[in-house]
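Q: Please take a close look at one part of this structure and describe it for a reader who is new to it.

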Amino acid sequence: VAIVSLEQHQRYKDDFNAEYEEYRNLHSQIDKIIKKFRQFQEQWKSLTPGSKAHQVKKDKPMKTVLHHSSVW
């Protein structure tokens, strides 16, 4: 949709500004989750397959995802 008036431009700008903080908050939360998964991946590489620690780590990513999805 083309913006054809100053009033329409201002409405779009107001809508954008109203939603922008929420976008930044969500972006920050996603960055934190990505960081946790990267840390998990590095730890996972050092574990012996079949070990107790390996099994515990295997179950952890889904719990993290489920926890964060319930927060939103």
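**A close look at helix α1**

A: Helix α1 covers residues 6-45, 40 residues in total, and reaches 56 Å from its first C-alpha to its last. This is close to the 58 Å expected at 1.5 Å a residue, where the expected span is 1.5 Å times one less than the number of residues. The model is predicted: local features need pLDDT of at least 70, side-chain atom pairs count only at pLDDT 80 or more, and totals for chains, interfaces and linings use all residues. Residues are numbered from 1 along each chain as its sequence is written, and side-chain values use heavy atoms, with hydrogens and water left out.

The chain has 2 helices and 0 strands; these are DSSP runs numbered from the N terminus, helices being H or I of at least four residues and strands E of at least two.

Helix α1 bends by about 35° at Y20, the bend being the angle between axes fitted to the seven residues ending at a residue and the seven starting there. Y20 also belongs to a cluster with F16 and Y23, linked by ring pairs. Rings of Phe, Tyr and Trp (its six-membered ring) pair if their centres lie within 6.5 Å; planes under 30 degrees apart count as stacked, over 60 as edge-to-face and the rest as tilted. The count comes to 2 aromatic pairs.

The buried residues of α1 are Q8, I33 and F40. Buried means under 20% relative accessible area, exposed over 50%, and partly exposed in between, with a 1.4 Å probe and protein chains only. Of the 72 residues of the chain, 11% count as buried.

R11 and E7 lie 4 residues apart in the helix, about one turn. An α-helix has 3.6 residues a turn, so residues three or four places apart point the same way. R11 is partly exposed, at 44% relative accessibility, whereas E7 is exposed, with a relative accessible area of 57%.
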